[in-house]
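Subject: Model for you to look at

Hi,

Here is the structure I promised to pass on. Please open it alongside this email, and then read my notes below.

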Amino acid sequence: MSWVSAPGRLVFAVKIGLLAAVTGIRRYQLRASDPALVLHAARLAAVRINLESMAAALNRGDTPAFFAAARHALQKRRA
């Protein structure tokens with residue numbers, strides 16, 4: 001027979017699960033309130049919008065709009 005009983009293993013597993021859940025929630029809260037991460041996400045969203053604008057301008061054959069969107073995407077990416 002094992003040195004740890006079956007109910008003891010269950011309690012241990014529940015404690016580890018609760019600890020992992022609390023740690024995960026706390027990490028999520030810290031990351032959600034980090035201004036650097038929020039700014040980075042906003043920049044990525046702006047770049048994605050500019051890339052979509054570039055694709056639309058390319059499909060239309062609108063060269064000035066394509067290069068304007070490309071310039072904005074590069075500016076956001078480098079910021």
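This is a predicted model: local features need pLDDT of at least 70, side-chain atom pairs count only at pLDDT 80 or more; totals for chains, interfaces and linings use all residues.

I would start with helix 2, residues 35–60, and helix 3, residues 63–78, which pack at an angle of about 165 degrees with their axes 8 Å apart. That angle makes helix 2 roughly antiparallel to helix 3, since angles over 145 degrees count as such. The crossing of the two helices is left-handed.

Which residues make up the contact? From helix 2 come R43, L44, A46, V47, N50, S53, M54, A57, L58 and R60, and they meet A65, F66, A69, A70, H72, A73, K76 and R77 of helix 3. Sorted by class, this contact has eleven nonpolar, three polar and four charged residues.

**Helix 2 by itself**

Helix 2 has 26 residues and spans 38 Å from its first C-alpha to its last, close to the 38 Å expected at 1.5 Å a residue.

- N50 lies in helix 2 and counts as buried because its relative accessibility is 13%, under the 20% cut-off. Leaving aside neighbours within four places in sequence, N50 is in contact with A69, H72, A73 and K76.
- L37 also belongs to helix 2, but at 31% relative accessibility L37 counts as partly exposed. Its C-alpha is separated by 22 Å from that of A21, which is 16 residues apart from L37 along the chain.
- F67 sits in helix 3. Is F67 buried or exposed? With a relative accessible area of 52%, F67 is exposed, as the cut-off for that is over 50%. F67 and M54 are 13 residues apart in sequence, and their C-alpha atoms are 7.6 Å apart in space.

If you have time for one view, I would pick N50 with its contacts A69, H72, A73 and K76.

Enjoy looking around, and write back with any questions.

Best wishes

Technical notes:
Residues are numbered from 1 along each chain as its sequence is written. Side-chain values use heavy atoms; hydrogens and water are left out. Axes are lines fitted to C-alpha atoms, for helices over the stretch in contact, and angles run from 0 to 180 degrees between N-to-C directions. Helices (H or I, at least four residues) and strands (E, at least two) are DSSP runs, numbered from the N terminus. Angles under 35 degrees count as roughly parallel, over 145 as roughly antiparallel, 65 to 115 as roughly perpendicular and the rest as oblique. A crossing is left-handed if the near helix is turned anticlockwise from the far one by less than a right angle, and right-handed if clockwise. Contact means heavy atoms within 4.5 Å. Ala, Val, Leu, Ile, Met, Phe, Trp, Tyr, Cys and Pro count as nonpolar, Asp, Glu, Lys and Arg as charged, and the others, Gly among them, as polar. The expected span of a helix is 1.5 Å times one less than its number of residues. Buried means under 20% relative accessible area, exposed over 50%, partly exposed in between (1.4 Å probe, protein chains only).
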